[in-house]
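Here are a few notes to go with the structure, for someone seeing it for the first time. They begin with the place where the chains meet and then go through single elements.

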Amino acid sequence: MGPVSDGDTTPAGPLDAGQPGRTVVIQLRQAISLIERFPALAGVDLTVSEGEIILLRGPNGAGKSTLLRLCAGLAPLNGGRGEVLGHDLSSRRERRELRRQTGLLAHATFLYDELTVEENLMFWARANRLDEASVEPVLDRLALANRLRHVRVANLSAGQRRRASLAVLVCRRPRLWLLDEPHAGLDVNGRDFVDGLIKHAVAFGGTVLLASHDFDRAAEIATRTVIVAGGQVQETDPSARADIPEGRMARRSASAAPPPRWGREPDDAPPSDPAAGSPLVGRPPRSEGSGARLTGRAGASSNPAPAPLRPSRAVAPEPVGSEADRSPSVGAGPQDAGADGAPPKAPVVEAGPGSRWRGRRRAAAESG
Amino acid sequence: MLRDTWLMTVKDLRIELTSRVVMAQILPFGLLILILFGLAISPDLVVVGEARRPVIEEIAPGLFWLTVLLSALMALGRAFALEADDGNLDALRMAGLDPAGVFLGKALAVTVQLVAVETVLGFGAFVVFGAPVARPGLLAATVLLATVGITLAGTLYAALAAGLRVRDTLVPLLVLPVLAPVLLGATQASRDALFADPGVPGWSWAGLLAVFSLLYLGVGMLAFGPLLEES
């Protein structure tokens with residue numbers, strides 16, 4: 001962990017060890033992020049392990065979007081400490097490296113109105129130093145390959161723009177997916193696709209943070225719910241972290257999370273071997289002898305090699321009933337990850353009395 | 001860096017080919033200004049001295065470059081509105097493009113568009129002001145160097161204001177004072193190119209334009225990264 005950024009006056013404790021035996025992807029300790037002079041994040045503590053799907057809940061202006069931007073390396077860390085994918089957020093250079101490995105679906109579409117859908121995807125694929133061949137499967141999966149391919153983005157409906165924006169995100173094949181209202185503006189097909197994509201991304205080694213007001217739908221796929229209010233994490237579900245299957249979900253649950261296809265059921269025959277690669281997420285499949293990166297530099301690794309994640313400092317799993325198990329951060333919860341390796345159901349935070357959020361305790365309901 | 005430069009240039013030019021904002025809006029704007037200058041200044045006025053040229057011919061270089069400056073401001077604003085309007089600056093940052101490449105790419109695209117505008121405006125100025133061209137080589141060099149200087153400095157300051165809501169009004173305030181040396185140098189060099197005036201060292205003024213361009217090339221390549229980071 002490097003030095004804290006200038007102007008940091010907040011004493012920040014040591015970073016969380018995360019879940020034992022699991023790689024920590026996001027570690028924030030008393031993180032402060034200012035928008036001009038307004039503290040959009042005012043001391044956030046959050047630890048996210050690999051393979052988690054975190055649902056951020058909170059009222060408008062709570063700081064959810066800023067938290068996502070901070071994790072994307074776009075918002076500054078003005079105080080406290082933070083690491084994402086092993087990159088120190090207080091270092092400008094490391095934030096630049098981090099950005100290449102994250103994908104942000106924001107309110108802005110990141111599209112050029114005057115270009116067609118295909119031109120936009122090709123531009124961003126080249127800008128991100130991706131294989132041009134990776135664009136076509138994405139266009140196909142998102143049902144953009146035919147009628148909409150040559151339509152200017154300015155002429156698309158809001159939902160279609162969102163779909164094109166999602167296509168750009170998928171082309172990036174990020175390790176950390178940061179989704180700000182991913183269901184907004186989408187029809188049922190689109191929402192189903194987003195859900196399938198999230199499950200598929202996690203199955204192939206990704207980690208997802210999503211902020212959504214479509215709580216019922218988001219809670220179906222989330223492994224943990226975090227409530228954000230007033231620029232701080234108010235409450236996090238203490239039981240959810242034990243629900244994540246041991247080891248990388250990519251290796252075990254790929255068959256349960258087939259690559260989604262817009263407007264249709266997921267593929268009947270998902271890749272049986274996750275190492276073979278997904279058409280949508282994870283490490284891009286490279287064609288044989290493909291030197292067709294767009295850098296023009298032969299042999300140059302255009303997609304930056306992922307930085308090695310720092311393993312959790314508590315790498316040895318604690319025995320059941322240990323102190324760590326009883327701690328709020330690693331408390332034992334219902335192990336509702338199915339034996340088939342399906343993504344675990346979301347335990348929902350029960351907000352305290354007087355809370356403006358009406359939480360539901362799924363685990364209790366299901367057992368009932 | 002060169003790859004990113006080319007990528008940005010091609011993208012911006014492709015957008016212009018599709019939208020035709022520069023050629024369909026900014027160019028007519030420049031032509032209108034030239035015509036209004038022609039209407040505002042009587043052709044009967046004659047400059048005192050040996051040459052006894054009409055006033056409108058005498059001040060034609062200054063009016064032309066003033067028109068180019070105003071057109072350039074619009075083109076620069078347009079170039080960064082493309083990036084700022086839908087969060088594309090964030091996407092550029094996330095793509096990890098070389099900031100110097102982005103800077104050069106944006107500047108090169110605006111330069112190409114501005115040279116096209118200047119070519120048409122030049123013919124317009126010839127029709128409206130009727131000025132002859134005595135030294136076409138010096139005129140071509142002046143046009144090229146002044147345009148590069150305008151776009152390099154303008155791109156830098158337009159990027160500075162790109163993330164601000166008041167960028168449309170702020171960019172002229174920032175850019176016009178900075179471009180005063182370009183206006184002066186381009187006007188003097190053009191005067192020599194048009195009239196072969198022995199009292200005006202045209203190539204020296206062109207040298208000033210070259211120094212200005214080199215200065216902003218270096219400053220822009222160094223400063224654009226932090227500017228992109230903060231915008």
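1. Start with the contact between the chains, keeping in mind that this is a predicted model. On one side, 23 residues of chain A take part, and they are in contact with 19 residues of chain B. Two helices of chain A, α2 (92-99) and α3 (117-127), each supply at least two residues of the side that touches chain B. The most comes from α3(A), with 5 residues. By type, the residues on that side of chain A divide into 12 nonpolar, 7 charged and 4 polar.

2. Now for chain A overall. Its secondary structure comes to 10 helices and 10 strands. The chain has 368 residues, and 50% of them count as buried. Take the contacts in chain A between residues at least 6 apart in sequence: 72% of these join residues at least 24 apart.

3. Strand β3 (residues 53-57) of chain A is worth a look, as 5 of its 5 residues are buried. In a regular strand the side chains alternate between the two faces of the sheet.

4. What does β3(A) pair with? Strands of a sheet pair through backbone hydrogen bonds, either parallel or antiparallel. One partner of β3(A) is strand β8 (residues 207-211) of chain A, in the parallel sense over 4 bridges. Here A:Ile54 stands opposite A:Leu209 in β8(A). Strand β9 (residues 224-229) of chain A is also joined to β3(A) by 4 bridges, and these two run parallel. In that pairing, A:Leu55 stands opposite A:Thr225 in β9(A).

5. There is also an open antiparallel sheet in chain A, made of 4 strands in the order β2-β1-β4-β5. Its edges are β2 (38-49) and β5 (87-88) of chain A; each has a single partner strand, so one side of each is left without a neighbour in the sheet. At the β5(A) end, 2 bridges join it to strand β4 (residues 79-84) of chain A, and the two run antiparallel. The bridge partner of A:Glu83 in β5(A) is A:Asp88.

6. Two backbone angles in chain A deserve a check. Most residues other than glycine have a negative phi, and most peptide bonds are trans. A:Ala143 has a positive phi of about 55° although it is not a glycine. A:Ala143 sits in the loop between α4 (135-141) and α5 (158-172) of chain A.

7. A:Arg173 is found in the loop between α5 and β7 (176-180) of chain A. With 23 other C-beta atoms within 10 Å, A:Arg173 is buried.

8. Last, a helix in chain B. How far apart are the end C-alpha atoms of helix α7 (residues 136-160) of chain B? They are 36 Å apart, which agrees with the 36 Å that its 25 residues should span at 1.5 Å a residue. As for cover, 20 of the 25 residues of α7(B) are buried, so the helix counts as mostly covered.

How values were computed. Residues are numbered from 1 along each chain as its sequence is written. Chains are lettered from A and ligands numbered from 1 in the order in which they are written. This is a predicted model: local features need pLDDT of at least 70, side-chain atom pairs count only at pLDDT 80 or more; totals for chains, interfaces and linings use all residues. Two residues are in contact if their C-beta atoms, placed from the backbone, lie within 7 Å. Ala, Val, Leu, Ile, Met, Phe, Trp, Tyr, Cys and Pro count as nonpolar, Asp, Glu, Lys and Arg as charged, and the others, Gly among them, as polar. The expected span of a helix is 1.5 Å times one less than its number of residues. A residue is buried if 20 or more other C-beta atoms lie within 10 Å of its own, exposed if 12 or fewer, and partly exposed in between; C-beta atoms are placed from the backbone. Two strands pair if DSSP finds at least two bridges between them.
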